[in-house]
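Take a look at the model below. This report walks through its sheet, its turns, its rings and its pocket.

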Amino acid sequence: FERIKEIICLEAKGNYTLIHFTEGKKQLVCRTLRDMEDMLYNDRRFARIHRSHTVNLDYLQKYIKGKGGYVILEGGMNISVSSGRKQSFMDAITVYFR
């Protein structure tokens with residue numbers, strides 16, 4: 001079992017989820033992204049930004065504006081923010097960084 005605070009982001013891979021950890025470690029688990037989010041439901045540091053990505057706001061370095069825009073996470077990972085999830089992402093950032 002990995003510690004939740006070491007999760008940088010979750011990436012959907014069909015019915016599996018690829019978990020990206022600090023220090024470049026990755027782990028593929030036999031759970032959907034939705035199942036993983038349900039497990040992290042009360043943890044406000046996680047925000048869904050795309051159909052296939054949920055990020056840990058602890059590791060957010062920058063948000064680049066655009067139609068949806070994209071985020072840059074620690075370690076240099078760039079992930080697009082879908083235009084449909086942009087507002088909920090912005091709301092999550094507002095609550096998190098208050």
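How many residues lie between β2 and β3 in their hairpin? Four residues lie between them.

## Ground rules

This is a predicted model, where local features need pLDDT of at least 70, side-chain atom pairs count only at pLDDT 80 or more, and totals for chains, interfaces and linings use all residues. Residues are numbered from 1 along each chain as its sequence is written, and side-chain values use heavy atoms, with hydrogens and water left out.

Helices (H or I, at least four residues) and strands (E, at least two) are DSSP runs, numbered from the N terminus. Two strands pair if DSSP finds at least two bridges between them.

## The sheet

Five strands make an open sheet. Their order is β3-β2-β1-β5-β4, and the pairing is antiparallel. At the edges stand β3 (26–29) and β4 (46–50). Each has a single partner strand, so one side of each is left without a neighbour in the sheet. From one strand to the next, the twist averages 20 degrees. Axes here are lines fitted to C-alpha atoms, for helices over the stretch in contact, and angles run from 0 to 180 degrees between N-to-C directions.

What holds such strands together? Strands of a sheet pair through backbone hydrogen bonds, either parallel or antiparallel.

## Strand β2 and its partners

Strand β1 (residues 7–13) and strand β2 (residues 16–21) run antiparallel, joined by six bridges. E11 has L18 in β2 as its bridge partner. K13 stands opposite Y16 in β2. On to β3: four bridges join β2 to β3, again antiparallel. Here L18 stands opposite L28 in β3.

Is β2 mostly covered or uncovered? It is mostly covered, with five of its six residues buried. Buried means under 20% relative accessible area, exposed over 50%, and partly exposed in between (1.4 Å probe, protein chains only).

## Turns and loops

The hairpin of β1 and β2 has two residues between the strands. In that hairpin, G14 takes a positive phi near 65 degrees. E23 sits in the loop between β2 and β3. E23 also has a positive phi, about 65 degrees, although it is not a glycine. With 84% relative accessibility, E23 counts as exposed.

S52 is in the loop between β4 and β5 (53–56). At 16% relative accessibility, S52 counts as buried. S52 and K13 are 39 residues apart along the chain, yet their C-alpha atoms are separated by 7.7 Å.

## Rings

The structure holds two aromatic pairs. Y96 and F97 have ring centres 4.7 Å apart and planes at 90 degrees, so this pair is edge-to-face. The rule covers rings of Phe, Tyr and Trp (its six-membered ring): they pair if their centres lie within 6.5 Å, and planes under 30 degrees apart count as stacked, over 60 as edge-to-face and the rest as tilted. Y96 is partly exposed, at a relative accessible area of 26%.

K25 lies over the face of F21, at 5.9 Å from the ring centre. A charge sits over a ring if NZ of Lys or CZ of Arg is within 6 Å of the ring centre and within 35 degrees of the ring normal.

## The largest pocket

The largest pocket holds about 450 Å³ of space. It is lined by 18 residues, and the closest to its centre are Y41, D43, R44, F46 and A47. The elements giving two or more residues to the lining are α1 (33–39), β4 and α2 (86–96). α2 gives the most, with five residues.

On a 1 Å grid over the protein atoms alone, a pocket is an open set of points with protein on both sides within 12 Å along at least five of seven lines, and lining residues have an atom within 4 Å of a point. A volume is the space filled by 1.4 Å probe spheres set on the points.
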